[in-house]
Amino acid sequence: MCAVVSQLKTVRLRALRSAQKFGVAGRSCQELLRKGCLRFQLPVQGSRLCLYEDGTEVTEDYFPGLPDDAELVLLTEGQTWQGYVSDISRFLSMFHEAQAGVIEAARQLLSGERAPLRQKLLADLLHTVSQNIEAETRAQDPPWFEGLESRFRNKSGYLRYSCESRIRSYLREVSSCSGVLGAEAREEYLRILGAMCQRLRSAQYNGSYFDRGAEAGSRLCTREGWFSCQGPFDLDSCASKHCINPYSNRESRVLFSTWNLDHIHPGLSVVLKQFHAAACLLFPSRVGCVHLDSAHVTPARGWMTGDRIEKKRTIVPTLAEAIQEQGGREVDWEYFYSLLFTSENLKLVHIACHKKTTHKLECDPGRIYRSQKRPKRRRPARKCQ
C-alpha cells in the first residue's frame, strides 16, 4: 500500500498499449493508480506505476519526491517498461503494419509531448513516414517537383540527371587542363580524354548511381531510394549513420544536393596533377608544358618545392623517375578513368562527413601505365639429322 501525503500531485498518465494521455490528480500513488485503472478500464490488482522516462517504479518511498506534471506509465501484471527505448521499439515495430497506423500513432504521441528532444524525434519520424516515397511521377507527387523544369516527369529521371551533372563537372575539370600543355602532350591528352568521354557516354555518365530503378550493382541506394552515407574518405563507414531518401519529399531532394561524391584516393585535383604530369613527361620535347598547382599555374622549371605541393604529390617524383628510365610506355587511362568517374574511387557522403583536409594517399604506381607485352622468343629451328 502506498503512503498518503497531503500535497495534491497532478501527473500525465498513459497505459502501455495506448498512445493517449490523461491528466490525473491524487494525494497518494494508490489514488493515482486507482483513478488510472478506472480511466483505462484496467484491473487494480497487480497494476503499478512507473516513470515514462526511464521505467523507474513509483513506490511509497518515491512518491513524495515525484515532480508535478510528471509522465507516468500504467502497467498491468506481467507488463514491463524500460523508458524511451520501449516506446521506440514499439513504434518501429509498427512499420510492418499499415502506414496509416504508424502516422496516427506518431501524431497522438506528438500531440501530448512537451519535452523538446522527444518532440523533435517524433516530428522527424512523422515527417519521414508520412511522405509519398512510393510515388514516382509528377502527377503522383506534384509538391516534389516544385521548382524543377517541366521536362522532368519522374523522380528517377531527375536524380539520374543530378548524378550525371556531377560527373560532367569532373569531366570539365579534366578537359580544362588540355590548354596548358604543349602541342605533342596536348594531342596525347586529348586522345585519352576522348577515350574517357566515349566511355562515359556509353555508361550514360554513371547516372544510375542515383537512380533507384537501376540494377542493384549500379546504384548507390535501396530500391525505395534510401541512400546511406559511406563515411569520410579515411574511414570505412559513417559513424553517425547518416541516411536520406531524396525520393520522399521536396525538402529531402534539396538537402540531398548538399551530399558529396567525394574522391577517396586521392582527391580529384591530385589525380589531375599526377595525370597531367604523366602526360607531360611522356613527351620530353613538349613546349610550354606546366605543372599545375591548385591556386595558380607556373611554367615548369623542375619540381615545385612548396610544402603544400609536396604533401599532395608525393608520388610525382617517383613517377618522373620511372618515366625517365623507361620512357615510351602508355598511360593507363582506364585506371585514371576509374579514379575520376566511378564508384571505385567515389564515396557518397553527408556534408558533415566531407573532410576537406589533404588526402594523404597516392595512386598505385603499378597501375599508372599499361604493362608492356613482351614479344615471345622464337625457339631456334631444330636441325634435321
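**Reading the model**

Tutor: Let us begin at the end of a helix: Gln41, with a positive phi near 55°, follows α1. Helices (H or I, at least four residues) and strands (E, at least two) are DSSP runs, numbered from the N terminus. This is a predicted model, in which local features need pLDDT of at least 70 and side-chain atom pairs count only at pLDDT 80 or more, while totals for chains, interfaces and linings use all residues. Residues are numbered from 1 along each chain as its sequence is written, and side-chain values use heavy atoms, with hydrogens and water left out.

Student: How many helices and strands does the chain have?

Tutor: The secondary structure comprises eleven helices and ten strands.

Student: What span does helix α1 reach from its first C-alpha to its last?

Tutor: The expected span of a helix is 1.5 Å times one less than its number of residues. Helix α1 covers residues 29-40, twelve residues, and reaches 16 Å, close to the 16 Å expected.

Student: Which residues of α1 are buried, and which are exposed?

Tutor: Buried means under 20% relative accessible area, exposed over 50%, and partly exposed in between, with a 1.4 Å probe and protein chains only. Cys29, Leu32, Leu33, Gly36, Cys37 and Phe40 are the buried residues of α1. They lie on the same side of α1, because they cover an arc of only 130° around the axis; the arc is that of the directions from the helix axis to the C-beta atoms. Leu38 and Arg39, on the other side of α1, are exposed.

Student: How is a strand to be read in the same manner?

Tutor: In a regular strand the side chains alternate between the two faces of the sheet. In β4, Glu71, Val73 and Leu75 point one way, whereas Leu72 and Leu74 point the other way, and all are buried. Thus five of the five residues of β4 are buried.

Student: Which strand is joined to β4, and in what direction do the two run?

Tutor: Two strands pair if DSSP finds at least two bridges between them. Strand β3 (residues 48-51) is joined to β4 by four bridges, and the two run antiparallel.

Student: What is the general idea of a salt bridge, and how many are counted here?

Tutor: Side chains of opposite charge can pair when their charged atoms come close. The criterion for a salt bridge is a side-chain nitrogen of Lys or Arg within 4 Å of a carboxyl oxygen of Asp or Glu. By this rule there are twelve salt bridges. One of them joins Arg12 and Glu71, with the closest N and O atoms 3.9 Å apart. Arg12 is in strand β1 (residues 4-15) and Glu71 in strand β4 (residues 71-75), so this pair ties together parts 59 residues apart in sequence.

Student: Are these two side chains buried or exposed?

Tutor: Arg12 is buried, at 14% relative accessible area, and Glu71 is buried at 8%. Glu71 also forms a salt bridge with Lys21, at 3.3 Å from N to O. That pair links strand β4 with the loop between β1 and β2 (22-28), where Lys21 lies, 50 residues apart.

Student: Where else does a salt bridge link distant parts of the chain?

Tutor: Asp332 and Arg370 form a salt bridge, their closest N and O atoms being 3.7 Å apart. Asp332 lies in the loop between α10 (316-325) and α11 (333-341), and Arg370 in the segment after β10 (346-349), 38 residues apart. Asp332 is buried, at 15% relative accessible area, whereas Arg370 is partly exposed at 26%. Elsewhere, salt bridges that share partners join Arg12, Lys21, Asp69 and Glu71 into one network.

Student: What percentage of the chain is buried?

Tutor: Of its 385 residues, 44% count as buried.
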